[in-house]
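Subject: Handover of a structure

Hello,

Here is the structure I said I would pass on to you.

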Amino acid sequence: MSAPHLSIQDLSLRLGEKQVLTGVSLDVPRNGIVGIIGPAGAGKSSLLTCFNRTVEQNPLAHMTGRVVLDGEDVRRIDTSDLRRRVAMVLPLPVGLPMSVYDNVAFAPRMAGVRRKAELDQIVERCLVQSALWDEVKDRLDMLGTRLSGGQQQRLTLARALSTDPEILCLDEFSIAIDPVTTMRIEAVLVELKKSMTIVMVTNLLLQARRIADYTVFMLAGKVVEAAPTDDLFVFARDPRTNDYLTGKFG
Amino acid sequence: MAEIARRRPPSYTRHVEFVIEGLIRLCGVSAIIFILAIFVFIGKEGIGFLLRNVLPMLVSIDWSPTAEPPVYGILALVVGTLWCVGLSLCFSVPVGLASAVYLSEFASDRARESLKVVVELLAAIPSVVWGFIGVMILNPLLQKLGAQVGLNGLNGAIVLALMTLPLLVSLGEDALRAVPESYRQAAIAMGATRWEMVWRVLMPAAQRGLLVAVLLGVGRCIGETMAVLMATGHAVRIPTSIYDPVRTLTATIAAELGEAVRGGEHYQSLFALGILLFAVTFVVNFIADRTLRGRRAS
């Protein structure tokens, strides 16, 4: 295997008194989908926030260990740059209170893209990639908040793609949307992994099984087991993984 | 369980219920009654005069109700009022909104709590004290900075701005904090700095609430009396420089009502000014209210 795209090394995270992650080490290979599964409170979402350092928004957060992006410690990368390289899709769809166009053009504009033609191109590319273009191409100036939930989640995805990130993190993206939209986004992700690395936190075991190349099982702030998806689901080595996969708990 | 459900409440509870309901209703209705009563009172005294003199009032800049013959031109007073309000907004809106942003987005919890107490304290200072501050502290300061001797409109405007700040800050902060946390997270996750998040996401999202804060501030400015009476210089003229003294509608009423002969023409003219003020503040508050409603609806 070539050098990992994202390498998490002995990462621990405390939020105030609460130990959220303990000694997490994990290598995320390039151009694949990594699924992170585990019961609520396992630290899955917190782990994602360490990737793009949004965890630092919380004044109580104390992080030790390293997250290395393409050989570079994320703490040495400017947060704005880092968050353009490591994009994040949050669980609940958030259409910002501006037009569909402006929603997608938001991050590129902040990154300094001014030319209308260039912005138009980015907006179209991202909306096509997120399978939303056909539904909104005639009403790009409509308020993003007026789209339906599923559309807003795809808008969120389009926005995440607008900076052309190298790593796309999704935190339970399907929690608030219908199965049809979920399947569409899953198809989109499988297409996207050709050009980027995807890390996906999910509560749906079958979702991980369907599209993840590599699955990580987390429990109580630790990585219990990480393996290629087919191996993990068929021959889990750790009994706790087995119990979770077979529905004995969680 | 069924036992309890079937038992009938004693009959007196229904009477108590009736009395309490009546009292509550009375309290609610009384506010409307008072407003109407004020409206009728001011209207009765001033509307006749207003209708008789509407044209001369509007075209003349001279307000000399005690001259022979008296002149009741309100143009200078209206301009003076708008001048003070406009000038004070130039100070209070940027400073007030910036403080609101600081309190809601940048301040630590401890800093926010202590600053809010101070801001609320600012709101509790009586307007006569503000006028005093304007005359005794601010005006000498302005003269050191180059204003000619005497009170002036800038002085009054700054005092007004200080008085409206607490309103702008607390309403503005409420509006900003009402913006869903998810907007902030989304903006931050896309690489926005905190300032970019405030400017590009929070401000547009809280736009209506911020506008309401400004409009209520305007209403407060227009209606303020004592401080402007003391601090503006109280001279009837159309100002041409920020250092010119001005006179407002409210200050005119306050200063002259005591001397006007009850029921006389001068007396009535002051009530006509009252009607005008009432109408303007009503319109401003009405717009603020509609804006707020729109905000709730969206």
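**The sheet in chain A**

Strand S1 (residues 6-15) and strand S2 (residues 18-28) of chain A are paired antiparallel, with seven bridges between them. Two strands count as paired if DSSP finds at least two bridges between them. Strands here are DSSP runs of E with at least two residues, helices are runs of H or I with at least four residues, and both are numbered from the N terminus.

Before going on, a note on the source: this is a predicted model, in which local features need pLDDT of at least 70 and side-chain atom pairs count only at pLDDT 80 or more, while totals for chains, interfaces and linings use all residues. Residues are numbered from 1 along each chain as its sequence is written, and chains are lettered from A and ligands numbered from 1 in the order in which they are written.

Back to the hairpin of S1(A) and S2(A). A:Leu6 has A:Val28 in S2(A) as its bridge partner. Two residues lie between the strands, and A:Gly16 has a positive phi near 65° in this hairpin.

S1(A) also pairs with strand S4 (residues 61-69) of chain A, antiparallel, through eight bridges. In S4(A), A:Ala61 is the residue opposite A:Leu15. S4(A) in turn pairs antiparallel with S5(A) over two bridges, and A:Asp73 in S5(A) stands opposite A:Val68.

Put together, these four strands make an open antiparallel sheet in the order S2-S1-S4-S5 (chain A). S2 and strand S5 (72-73) of chain A are at the edges with a single partner strand each, so one side of each has no neighbour in the sheet.

**Single residues in chain A**

Most residues other than glycine have a negative phi, and most peptide bonds are trans. A:Asn31 is partly exposed, with 15 other C-beta atoms within 10 Å. The cut-offs are these: a residue is buried if 20 or more other C-beta atoms lie within 10 Å of its own, exposed if 12 or fewer, and partly exposed in between, with C-beta atoms placed from the backbone.

A:Ala131 is not a glycine either, and has a positive phi of about 60°. Its loop lies between helix H4 (116-129) and helix H5 (133-136) of chain A. A:Ala131 is partly exposed, with 18 other C-beta atoms within 10 Å.

A:Pro239 belongs to helix H10 (residues 239-245) of chain A. A:Pro239 is exposed, with 10 other C-beta atoms within 10 Å.

**Chain B**

Chain B contains eleven helices and two strands. Their order from the N terminus is α-α-β-β-α-α-α-α-α-α-α-α-α. The radius of gyration of chain B is 25 Å, whereas a compact globule of 298 residues would have one near 19 Å. That radius is taken over C-alpha atoms, and the globule rule is 2.2 Å times the number of residues to the power 0.38. Of the 298 residues, 37% count as buried.

B:Pro69 sits in the loop between strand S1 (63-64) and strand S2 (71-72) of chain B. The peptide bond from B:Glu68 to B:Pro69 is cis, with omega near -10°.

How far apart are the end C-alpha atoms of helix H3 (residues 75-106) of chain B? They are 45 Å apart, which agrees with the 46 Å that its 32 residues should span at 1.5 Å a residue. The expected span is 1.5 Å times one less than the number of residues. H3(B) bends by about 30° at B:Leu89, the bend being the angle between axes fitted to the seven residues ending there and the seven starting there.

**Where the chains meet**

Between the two chains, 15 residues of chain B are in contact with 18 residues of chain A; contact requires C-beta atoms, placed from the backbone, to lie within 7 Å. On the chain B side, helix H7 (181-189) and helix H8 (194-223) are the elements that give two or more residues. H7(B) provides the largest share, six residues. The chain B side divides into nine nonpolar, four polar and two charged residues. Here Ala, Val, Leu, Ile, Met, Phe, Trp, Tyr, Cys and Pro count as nonpolar, Asp, Glu, Lys and Arg as charged, and the others, Gly among them, as polar.

Regards
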